[in-house]
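This report describes selected local features of one protein model and the surroundings of its ligand. Please read it alongside the sequence and the structure shown below.

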Amino acid sequence: MAARPPLIAGNWKMHKTASEGVAVVRELLALAADPSPVEAVLAPPFTALAAVSQAIAGSPYALAAQNMHWEDHGAFTGEISAPMLTDLGCRYVIIGHSERRRLFGEDDRMINNKVRAALRHDLRPILCVGETLAERDCGSMNAVITRQLTNGLAGIEPTALGHLTIAYEPVWAIGTGQAATPAQATDAHRTLRQLLMDTWADAGRAVRILYGGSVTAENAAGFLGAAEVSGALVGGACLDPKSFAKILRFAKDSLASHQGA
Ligand code: PGA
């Protein structure tokens, strides 16, 4: 099977105003103007989407939102819908991040509604799954990520799988500086891949599985070279254009070495 180009997404979380975001993008474009064929995705906060969209116009960078509501419109104070995001140029949307699950009470059913709504509107979901430390310690990692994936993708048509990305993000590794090892990532990714193929047969191969959780310019190469890892979801390190540019470079290099170039 030909290697899929890696996808590297930067999740800015609740950082950067619109003008600060534009400054980050300018610096990033100066350092890494052409990350292709690696797919480089930027996920600024909602308030910076329009400005970042303009700043990356004409570049190979793609825009993502960090969340969305599953309805197109309605009386949902404070929420943002898929058509609002596509109108600003978003191509991707992060769904079910552990901070959304843990701090804002999102459950698998809401997350499934969001994934389906995104696909309906031609937005590519990046569905996040991952276990807490307590769940890993008691041996239920596989059960947790299996449940999150199965429920999150309930009712998805096989034809949609090519538009879908999964991010394995162990909760204990997010923002802690304590990344999983590449071997731990591969182990979880194999479980997810098997589940995708058990559910959708060969179509399950089309789904990219990213690793996320304390990815830095220092450890990125290890993940990007690991079996079954098709990219990274980067939090803290993506706020520094130099670090993010380095990670994009590693991804490009790892693709070249996989292709024997
Ligand atoms: P981190 O965040 O890289 O800061 O650990 C990753 C994420 O939450 O997506």
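## The loop between E1 and H1

Lys16 is found in the loop between E1 and H1; helices (H or I, at least four residues) and strands (E, at least two) are DSSP runs, numbered from the N terminus. The model is a predicted one, in which local features need pLDDT of at least 70 and side-chain atom pairs count only at pLDDT 80 or more, while totals for chains, interfaces and linings use all residues. Residues are numbered from 1 along each chain as its sequence is written, and side-chain values use heavy atoms, with hydrogens and water left out.

Although Lys16 is not a glycine, its phi is positive, at about 85°. Lys16 is partly exposed, with a relative accessible area of 30%; buried means under 20%, exposed over 50%, and partly exposed in between (1.4 Å probe, protein chains only). Lys13 is also found in the loop between E1 and H1. Its phi is near 50°, a positive value in a residue other than glycine.

## Asn11 in strand E1

Asn11 lies in strand E1, which covers residues 7-11. With a relative accessible area of 5%, Asn11 is buried. Its side chain reaches the backbone nitrogen of Lys13 at 3.0 Å.

Neighbours within four places in sequence aside, Asn11 is in contact (heavy atoms within 4.5 Å) with Ala43, Gln66, Ile94, His97, Leu233, Val234, Gly235 and Cys238.

## A cis peptide bond

The peptide bond from Ser36 to Pro37 is cis, and its omega is near 10°. Pro37 is found in the loop between helix H1 (18-31) and strand E2 (39-43).

## Around the ligand

There are 14 residues around the ligand, of which Lys13, His97, Glu169, Gly175 and Ser214 come nearest; a residue counts as near if one of its heavy atoms lies within 4 Å. By class, this shell has five nonpolar, seven polar and two charged residues. Here Ala, Val, Leu, Ile, Met, Phe, Trp, Tyr, Cys and Pro count as nonpolar, Asp, Glu, Lys and Arg as charged, and the others, Gly among them, as polar.

The protein covers 95% of the 280 Å² of accessible area that the ligand has on its own, by the Shrake-Rupley method with a 1.4 Å probe.

Technical notes. Polar contact = N/O pair within 3.5 Å; in protein donor to acceptor, adjacent residues only side chain to side chain.
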